[in-house]
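I opened my notebook to look up charged side-chain pairs. The notes follow the order in which I looked.

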Amino acid sequence: MQMPSSGPVPGPTTNLNIGMDYWANTASSSPALHGKVTPTAIPGAVAPTEPWMQDERELKRQKRKQSNRDSARRSRLRKQAECEELAQRAEVLKQENASLKDEVSRIRKEYDELLSKNSSLKDNVGDKQHKTDEAGLDNKLQHSVCVQE
């Protein structure tokens with residue numbers, strides 16, 4: 001729906017009354033346009049660089065820029081939070097690693113002690129077994145000597 005206008009350029013084809021007071025006040029002179037304007041305008045056509053249109057585009061552009069800034073800020077905050085969380089996790093893992101190394105060292109030491117004790121017990125058992133075997137052999141020899149006589 002085209003709005004009636006008394007100026008040389010017809011009004012915008014929209015249901016909003018954006019800038020209508022501007023167009024009504026400039027009936028005798030052509031409006032000052034912002035941005036690039038083509039020198040030869042087609043009569044009856046809506047110029048794409050009309051002020052209200054540029055203002056709308058500029059508002060959208062500004063909103064998009066602000067939205068992008070907000071998104072980038074949220075992204076940076078998420079990244080920072082993730083980095084801090086990973087740093088804390090790394091510290092916990094370092095402590096756990098140190099604790100596990102201490103436990104392995106303690107168990108290895110205990111293992112070495114038990115291995116040494118086991119070896120010594122085997123040696124003792126072997127010595128006693130050897131002595132027992134010798135004593136048993138002596139007994140057998142004495143018994144066989146007694147039987148032969």
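I found that glutamate 110 forms a salt bridge with arginine 106, with the closest N and O atoms 3.5 Å apart. I took a salt bridge to be a side-chain nitrogen of Lys or Arg within 4 Å of a carboxyl oxygen of Asp or Glu.

I noted that this is a predicted model, where local features need pLDDT of at least 70, side-chain atom pairs count only at pLDDT 80 or more, and totals for chains, interfaces and linings use all residues. Residues are numbered from 1 along each chain as its sequence is written, and side-chain values use heavy atoms, with hydrogens and water left out.

I placed glutamate 110 and arginine 106 in helix H2, 4 residues apart, about one turn of the helix. Helices (H or I, at least four residues) and strands (E, at least two) are DSSP runs, numbered from the N terminus.

I looked up accessibility next. Glutamate 110 is partly exposed at 40% relative accessibility, and arginine 106 is partly exposed at 47%. Buried means under 20% relative accessible area, exposed over 50%, and partly exposed in between (1.4 Å probe, protein chains only).

How many salt bridges does the rule give? I wrote down 2. Glutamate 58 and arginine 61 also meet in a salt bridge, at 3.0 Å from N to O. They are 3 residues apart in helix H2 (residues 51–148), so about one helical turn separates them. Glutamate 58 is partly exposed at 35%, and arginine 61 is partly exposed at 33%.

Last, I checked the whole protein chain. I listed 2 helices and 0 strands. Of its 149 residues, 9% count as buried.
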